[in-house]
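This briefing covers the cavity, the pockets and some of the elements around them. Volumes, linings and contacts are grouped by topic below.

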Amino acid sequence: MKKLLTASVALLAAASMLTSCSKKEAAKSITLNLSEVHAEGYPTSLADQEFARLVEEKTNGRIKIEVYTGGTLYGEETGAIEAMQNGDLAFSRVSASPVASYVPKINAIQMPYLYRDSAHEWAVLNSEIGQNFLNDIEASGSGLVGLCYYDSGSRCFYTNKEVHSVADMAGLKIRMQNNPMMVRLVQLLGATGVTGIGPNDVYSAITQGTVDGAENNWPTYQNMGDYQAAKYYILDQHTRVPEILLASKAALDKLDPADVAIIKSVAKETQAYEIQKWAEKEAASEKIVRDAGTMVIDLTPEARKEFEDAMAPLYDEYAKDYMDLINAIRAVK
């Protein structure tokens, strides 16, 4: 009987120790949040979730990342950036545009008609030039850390009339991002940039005649239904602005340096994944739009040169301090 009691006590003690160890292991894990304004299933949202999966896997569960899509955590990217700076948010996927407020020379990678095509853009972003921009974010004192780039395709104009040349842009009212450079871009083409219209209101703004068109990438043009209101999509590809996966320096500083290294490495791994998902989504959106009878206008080389030449004043106004960098970007093969 004594032996049985002794064995039972030993088993209870062992179970207690295992439970205690399990609790300690659980206590060691940490959950961090990631904010994403795009919807569930969007290429960047899928990449965010892959990032979260890999981080948890490679840290053996020490770090879990909860991804909030559709703007449920922060509805605007600028709000997410401020939260990361304050240490209230660990990660967010944002456009490079607002990041340029902290690293002005990032404006160089979003100048109009800068890239020859997608391959040229990625050759730049994966080169020393692109990687230096990510390093500059962390060194800027902004409290942000640039982890990697994601694809967002090219932005093109779409209108309710045919556009084959700069002359055809004259007098058009085009919904633009709330960005002075983008408004200036369309002004130099003879049109009027209209701001203050949210992405969800573009369709109604076109159908009601508030604007004659807008500009965006294939997925947004299709997802928002804008292709049903503005039936001409002009393949001018005026800008290619990458997305950036950002981390909060305050959040990373609380982690073990080895885990920070894993996070940075994993982020880089997800870049190729997102690019592939973007290509799939872009192709699917383009097919839907073309099948609907939208007129897709591919500019002639002569017409494209007209659009590019019209940007000379904009480069003087916004990029004169970065022309060496811009010329280096243009020279990348």
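The lining of the second largest pocket divides by class into nine nonpolar, four polar and four charged residues. The model is predicted, and in it this second largest pocket has a volume of about 210 Å³. The largest pocket holds about 1400 Å³ of space, and the largest cavity has a volume of about 50 Å³.

**Second largest pocket**

- In total 17 residues line the second largest pocket, and those nearest its centre are Gly153, Ser154, Arg240, Trp278 and Glu282.
- Two or more lining residues of the second largest pocket come from each of helix 5 (118–125), strand 9 and helix 11 (257–291).
- Helix 11 supplies the largest share of this lining, with six residues.

**Largest pocket**

- About 1400 Å³ of space is found in the largest pocket.
- Its lining is made up of 42 residues, and Glu76, Glu77, Arg175, Gln177 and Pro199 are the closest to the centre.
- Helix 3 (77–85), helix 4 (96–99), strand 5 (155–159), helix 7 (180–188) and helix 9 (218–223) are the elements that each give two or more residues to the lining of the largest pocket.
- The lining of the largest pocket has 20 polar, 16 nonpolar and six charged residues.

**Cavity**

- One cavity of 30 Å³ or more turns up in a search of the whole structure.
- The residues that line the largest cavity are Tyr113, Leu114, Tyr115, Arg116, Gln237, His238, Thr239, Arg240 and Arg304.
- By class, the lining of the largest cavity has three charged, three polar and three nonpolar residues.
- Strand 9 (residues 232–239) contributes three residues to the lining of the largest cavity, the most of any element.
- Arg240 is listed in the lining of the largest cavity, and Arg240 is also among the residues nearest the centre of the second largest pocket.

**Strand 9 and its partners**

- Strand 9 is largely enclosed by the rest of the structure, because six of its eight residues are buried.
- Strand 5 and strand 9 run antiparallel and are joined by four bridges.
- Within this pairing, tyrosine 158 has tyrosine 233 of strand 9 as its bridge partner.
- Strand 9 and strand 11 (residues 295–297) run parallel, with three bridges between them.
- Isoleucine 234 has isoleucine 297, in strand 11, as its bridge partner.

**Arginine 304**

- Arginine 304 is a residue of helix 12 and belongs to the lining of the largest cavity.
- The arginine 304 side chain comes to 2.6 Å from the backbone oxygen of aspartate 236.
- Apart from neighbours within four places in sequence, the residues in contact with arginine 304 are Tyr113, Tyr115, Asp236, Gln237 and Leu299.
- Tyr113, Tyr115 and Gln237, which are in contact with arginine 304, are also listed in the lining of the largest cavity.

**Aspartate 309**

- Helix 12 (residues 301–309) contains aspartate 309.
- The relative accessible area of aspartate 309 is 46%, so this residue is partly exposed.
- Between aspartate 309 and leucine 189 the C-alpha to C-alpha distance is 9.9 Å, although the two are 120 residues apart in sequence.

Notes
Residues are numbered from 1 along each chain as its sequence is written. This is a predicted model: local features need pLDDT of at least 70, side-chain atom pairs count only at pLDDT 80 or more; totals for chains, interfaces and linings use all residues. Side-chain values use heavy atoms; hydrogens and water are left out. On a 1 Å grid over the protein atoms alone, a cavity is a set of points where a 1.4 Å probe fits but cannot get out, and a pocket is an open set with protein on both sides within 12 Å along at least five of seven lines; lining residues have an atom within 4 Å of a point. Grid points are joined across faces, edges and corners, and a volume is the space filled by probe spheres set on the points. Ala, Val, Leu, Ile, Met, Phe, Trp, Tyr, Cys and Pro count as nonpolar, Asp, Glu, Lys and Arg as charged, and the others, Gly among them, as polar. Buried means under 20% relative accessible area, exposed over 50%, partly exposed in between (1.4 Å probe, protein chains only). Two strands pair if DSSP finds at least two bridges between them. A polar contact is a pair of N or O atoms within 3.5 Å; within protein, one must be able to donate a hydrogen and the other to accept it, and residues adjacent in sequence count only if both atoms are side-chain atoms. Contact means heavy atoms within 4.5 Å.
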